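This report concerns a single protein model. Please examine the sequence and structure shown here before reading on.

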Amino acid sequence: MKKLIGFWGFPNPKVMQEYTRKHDEYEFCDLCVEYGAPKSAVIPEANCKIIANILDNAIFFKDKLECIVASVGKEKCDSGRYIAKILKDMGFSIIESKYESYADGEILTPISTSGLSVREKITRITTNIIKEDFETYTYCEPVMGFWGVPPNDFSFLDLLPDATHLFGWVRCVEAKRPADEELELMVDENLPTVFFSQTFCSKNQIAKYLAKKHSGLFIDVDDTANNSAKAKIEAFIRLG
């Protein structure tokens, strides 16, 4: 197996490009994703699953990790800064990155407004953090909206129709403006929208508020989506 460069969140592309040039024989590894690593029990059990994934994966892959590029700016939650310090204290090589300011210009999000499945949209957007694709996407007239972050469990995304437009942080990532709070809060008020966050994530505060404001559905999921969460989404789709 190749040596790995771990990362989380959306590090500054300049930092990612620098490490791509220096370490082209290495592979990037998104530490936010669940790979089945054993629980490290470094942080409390009641915690955001994505943050737990980062710690568990880093410890599990420690011997293969050359370094970790860590998002510690406003593009990531406060926990991003804390776990960077924890991992650095544990002996990991941590390269801190902030990506908080952007050039003016048109905001383009063709994947978010395409007719791909929601699962495929989010997968492509997050993959573009490592290596951008230049594929042309066709606009799809929406019937629903999905606001939020990439979940730990993608399975419930398959309940949503392909004609679902993406909003929230995941759209900010596609626009390469991960700390753009104004863009993150923008939704299409004419669309029935699912507002999602991981349980214990600070974004569930704004997700619940926006769901109430826009008459949407607030869903938070800890690890995997249970039948209750899926039933709520299915009912919301039928009523939408």
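The sections below treat the basis of the model, helix packing, a surface patch and salt bridges.

## Basis of the model

The model is predicted: local features require pLDDT of at least 70, side-chain atom pairs count only at pLDDT 80 or more, and totals for chains, interfaces and linings use all residues. Residues are numbered from 1 along each chain as its sequence is written, and side-chain values use heavy atoms, with hydrogens and water left out.

## Packing of helix 2 and helix 3

Helices (H or I, at least four residues) and strands (E, at least two) are DSSP runs numbered from the N terminus. The axes of helix 2 and helix 3 (residues 78-89) come within 11 Å and cross at roughly 20°. These axes are lines fitted to C-alpha atoms, for helices over the stretch in contact, with angles from 0 to 180 degrees between N-to-C directions.

Helix 2 and helix 3 are therefore roughly parallel to each other, a term applied to angles under 35 degrees. Their crossing is right-handed, that is, the near helix is turned clockwise from the far one by less than a right angle.

## A nonpolar surface patch

Val 42, Ile 59 and Met 90 make a nonpolar surface patch of about 200 Å². Such a patch consists of residues with over 30% relative accessible area and no salt bridge, with nonpolar side chains joined within 5 Å. The areas come from the Shrake-Rupley method with a 1.4 Å probe.

Val 42 is located in the loop between strand 2 (27-30) and helix 2 (49-60). Its relative accessibility is 37%, so Val 42 counts as partly exposed; this class lies between buried (under 20%) and exposed (over 50%).

## Salt bridges

The whole structure contains eight salt bridges, each defined by a side-chain nitrogen of Lys or Arg within 4 Å of a carboxyl oxygen of Asp or Glu. One of them joins Lys 49 and Glu 34, at 3.6 Å from N to O. This pair links distant parts of the chain, 15 residues apart: Lys 49 is in helix 2, and Glu 34 is in the loop between strand 2 and helix 2. Lys 49 is buried at 12% relative accessible area, whereas Glu 34 is partly exposed at 38%.

Arg 124 and Glu 135 form another salt bridge, with their closest N and O atoms 3.2 Å apart. Arg 124 belongs to helix 4 (residues 118-127), and Glu 135 to the loop between helix 4 and strand 5 (144-147). Salt bridges with shared partners join Glu 120, Arg 124 and Glu 135 into one network.

Technical notes: Patches are made of residues with over 30% relative accessible area and no salt bridge: like charges are joined within 9 Å, nonpolar side chains (Val, Leu, Ile, Met, Phe, Trp, Tyr) within 5 Å. Buried means under 20% relative accessible area, exposed over 50%, partly exposed in between (1.4 Å probe, protein chains only). Angles under 35 degrees count as roughly parallel, over 145 as roughly antiparallel, 65 to 115 as roughly perpendicular and the rest as oblique.
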